[in-house]
Amino acid sequence: MPIQTLPDTLIDQIAAGEVVERPASAVKELIENALDAGATRIDVELEEGGMRLIRIRDDGSGIPADELALALSRHATSKIASLDDLEQVTTMGFRGEALPSMASVSHFAIVSRPASQAHAMRIESDGGKLQAAQPAQHPPGTTIEVRDLFYNVPARRRFLKAERTEFGHIEELLRAFALARMDIELRVTHNGKQVRSYRASGSDDERLRRLGEALGADFPAQSLALAHDGAGLRLSGWVGLPTTARSQADQQYFFVNRRLVRDRVVTHAVRQAYADVLYHGRHPAYVLFLDIDPVRVDVNVHPAKTEVRFRDSRLVHDFLFRSLHQALAGARAGAAGGEAL
Ligand code: ADP
Ligand code: MG
């Protein structure tokens, strides 16, 4: 075959392989977009573990009618405009890949209305083929619908698992968002039934309640709140007492600027801090937020952005270790005073 440039739709479908692995990855991208749009309330509607339908509605800024089609084209984003912006990005998204990728492998629709626009517009795409925009009804904000994910990519569709498994991945993801952004109301329905409803939480009490709703009542009852500042970093959140340690590392939430990340530097620092209070083979439970100047961390490591690179990883490691060690040392001292550890 001679060398030839691939058609745009095929390029999007190839990119979709990286951005959207399964329904949960689509949900992740859509929620991140809603958060970037300043939503205060997000409704997630799912059918058949998201394989049949994912519909996400937000009350955010909306997409102006004349930008709707653009939102579905590759590398189109309202979030960065230069390399400079990329180096200090504060939004969850910035690659302009999610919508065109999802649209190319599903029956896709956006209905959106900025508050300043008299009515909403709806645009649809079938496997990347864009239809003309139509006027529609919608309160200020955006609803995005992804139906029949991978309907036109049989090889991908075959890799999807049972409804329960796919729904499980989505639930886990939504739990992380519910923890990351306690200020936002989040409701979830699956096959017509409401399965989750998190109220927006501002006060300490409300946050504790939400923590319990996400992780079970044991966790807030047996964890320590912490907040440490130093070296221009801030670590806050909750660390589980050794009694909450688990046989699996399945309650470990670490957010860098509210983005859930899996990072070796972080895991190592946490494990070291727990070393003398945990039995070998037990895993601590924690919900921790690291706030760091965006220029000190690179989030553009992988399309899914679950990996980060700290510019000064040694300093971050030591700050985490010291903050956690100190918090847990406080727990040991408290235990001596009669509190259960
Ligand atoms: P990115 O988030 O990287 O910019 P996306 O493909 O996810 O790329 O979205 C493309 C653009 O569409 C965004 O930059 C944003 O301007 C707009 N957009 C997407 N979802 C929403 C939403 N829920 N509310 C408002 N604007 C949105
Ligand atoms: Mg996005």
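This is a predicted model: local features need pLDDT of at least 70, side-chain atom pairs count only at pLDDT 80 or more; totals for chains, interfaces and linings use all residues.
Welcome! Residues are numbered from 1 along each chain as its sequence is written.

**Positive phi in loops**
- N257 is not a glycine, yet its phi is positive, about 50 degrees.
- N257 counts as partly exposed because it has 18 C-beta neighbours inside 10 Å (buried means 20 or more other C-beta atoms within 10 Å, exposed 12 or fewer, partly exposed in between, with C-beta atoms placed from the backbone).
- H75, in the loop between helix 3 (68-71) and helix 4, has a positive phi near 60 degrees.
- H75 has 9 C-beta neighbours inside 10 Å, so it counts as exposed.

**A hairpin**
- Strand 10 (residues 223-230) and strand 11 (residues 233-240) run antiparallel, joined by 8 bridges; strands pair if DSSP finds at least two bridges between them.
- A225 has W238 of strand 11 as its bridge partner.
- There are 2 residues between the strands of this hairpin, and A231 takes a positive phi near 55 degrees.

**Two domains**
- The domain assignment gives domain 1 (8-198) and domain 2 (217-333), with bounds from an automatic or database assignment.
- The C-alpha centres of domain 1 and domain 2 are 29 Å apart.
- In domain 1, 15 residues are in contact with 12 residues of domain 2 (C-beta atoms, placed from the backbone, within 7 Å).
- Helix 7 gives the most to the side of domain 1 that touches domain 2, namely 3 residues.

Key:
Chains are lettered from A and ligands numbered from 1 in the order in which they are written. Helices (H or I, at least four residues) and strands (E, at least two) are DSSP runs, numbered from the N terminus. Two residues are in contact if their C-beta atoms, placed from the backbone, lie within 7 Å.
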